[in-house]
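Dear colleague,

I am passing on the structure we spoke about, together with some notes on its ring contacts and its helix packing. Please have it open as you read.

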Amino acid sequence: MTEPVSPPSFQDTLLFVPTMRQLIVALTLASLFTGGLKVTAGVDLRLSYIFVGISFFSFIFIFQNPKIIIFPILVILSYMILCFLIVLIQDSSILLTRTIPQIIGISFFAFFFILFFSNAQIAPSDLFLAYVRLAAVVALLGFPILLYSGVTEGFWRLKSIFAEPAHYSIAMMPATSYAIIKAKSNLGRFLLFFTAIVLTFSLTAYIGLGLTLAFAVGRNWYTRIAMAFFATLLLIGAYASSSEIRMRIDDTSRVASTTDFSNVNLSTYALLSNLWVAWKSLQENPIFGSGLGSHPINHERYIGQLKGLGSLEEYIDQNKFDANSLFIRIVSEQGFFGFCLFIIFIISFHKSWNQEYQIINNSILIYFILKLIREGHYFTPEFFFMIFIYIFNSSRYRRYAAT
């Protein structure tokens, strides 16, 4: 006769928690690459948001007394209160409809990633390396997807599982920069990331490559000058060999000098039309901008003043909500004061006491620059992931943690 099976003990049950923690880490890392996978039903339901939501509620309901690191909370809370007060004083009419939703979104992602880094039981630098390993898988997936899209659609630009090559370039740039900087220690990884980023034929990607070569590779001044020269040649070669890149640069130059958008390509229109809107906003509110979340209102107010929009009528609201660029959105909504705060943050937390951490922060710095140039979303998972690794790797945070 077989003996009855005993129910699991309380100690055995606790063994589930590390497994759950590993699942949360896996879902969070996956969220960094899945923002382009979405279903639109009135609003965009992104797979990355679902992953973050599952992980967040797992922390809340499964972990007893999760830890919280106070320093990043204070930084984000101070910033949110400041944004709230500026809008309350300057234009309270947009507070409920525009500003509060942005504060809720930013606060949710910030709080989740603080929870994540506080309870993952993995060092931020190791989490970054896990991101790099997963990025290598995403880069590898890009090659068969490129072949399929090329054969079926004639689209011969690598984007992997992202919505477009530029988004791929930005989300993958920290891993690509890290692989370039560490090329001597892992040549195969360098070749994978470098080949994939080149095959995007994205101007954003090539700018990122140029910045990596010019500012992050090598520690000697003569090495960096040589790399800057090589980066310049790379950009000139991209202009000469890619008709799409050449068209975007030529259109941008023409529109910048004439302010006439007739027959312009859509990417140039999205960038320069939103830059125009931000400029008009700055003229009215140069110090504090027109308030967090106000760019769509500015867009509706000023976009009709542009010339040559006849052929672009159906695309007139292109990137209306994210301004196509974090720099454009920040100066439009938060003025020079908000932009200066962002630059102060980048400078304040860039330096690390550890050489490996410094390489990681240099790679993330390139990501921040590309984000300023090309992508204006405030709350994407990879943005907050990179922000907090940047903070935790810094000498400034180490001094705070030691007090």
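Below are the notes on aromatic pairs, on charges over rings and on one pair of helices.

Please keep in mind throughout that this is a predicted model. The count of aromatic pairs comes to 42. One of them joins tyrosine 131 and phenylalanine 385, a tilted pair with 6.2 Å from centre to centre and 50 degrees between the planes. Because tyrosine 131 belongs to helix 6 (residues 124-153) and phenylalanine 385 to helix 16 (residues 381-392), this pair ties together parts that lie 254 residues apart in sequence; both residues are buried. Phenylalanine 162 and tyrosine 168, on the other hand, form an edge-to-face pair, at 5.7 Å between centres and with 85 degrees between the planes. Phenylalanine 162 has a relative accessible area of 7% and tyrosine 168 one of 1%, and since buried means under 20%, each of these two residues is buried.

As for charges over rings, lysine 159 lies over the face of phenylalanine 155, 5.4 Å from the ring centre, and lysine 371 lies over the face of phenylalanine 383, at 4.9 Å from the ring centre.

Turning to the helices, the axes of helix 4 (residues 70-90) and helix 5 (residues 95-119) come within 11 Å and cross at roughly 180 degrees, so the two helices are roughly antiparallel to each other. In their contact, residues of helix 4 including Ile76, Met80 and Phe84 meet residues of helix 5, among them Ile103, Ala110 and Phe111. The residues of this contact divide into 14 nonpolar and two polar, with no charged ones.

Best regards

Key: Residues are numbered from 1 along each chain as its sequence is written. This is a predicted model: local features need pLDDT of at least 70, side-chain atom pairs count only at pLDDT 80 or more; totals for chains, interfaces and linings use all residues. Side-chain values use heavy atoms; hydrogens and water are left out. Rings of Phe, Tyr and Trp (its six-membered ring) pair if their centres lie within 6.5 Å; planes under 30 degrees apart count as stacked, over 60 as edge-to-face and the rest as tilted. Helices (H or I, at least four residues) and strands (E, at least two) are DSSP runs, numbered from the N terminus. Buried means under 20% relative accessible area, exposed over 50%, partly exposed in between (1.4 Å probe, protein chains only). A charge sits over a ring if NZ of Lys or CZ of Arg is within 6 Å of the ring centre and within 35 degrees of the ring normal. Axes are lines fitted to C-alpha atoms, for helices over the stretch in contact, and angles run from 0 to 180 degrees between N-to-C directions. Angles under 35 degrees count as roughly parallel, over 145 as roughly antiparallel, 65 to 115 as roughly perpendicular and the rest as oblique. Contact means heavy atoms within 4.5 Å. Ala, Val, Leu, Ile, Met, Phe, Trp, Tyr, Cys and Pro count as nonpolar, Asp, Glu, Lys and Arg as charged, and the others, Gly among them, as polar.
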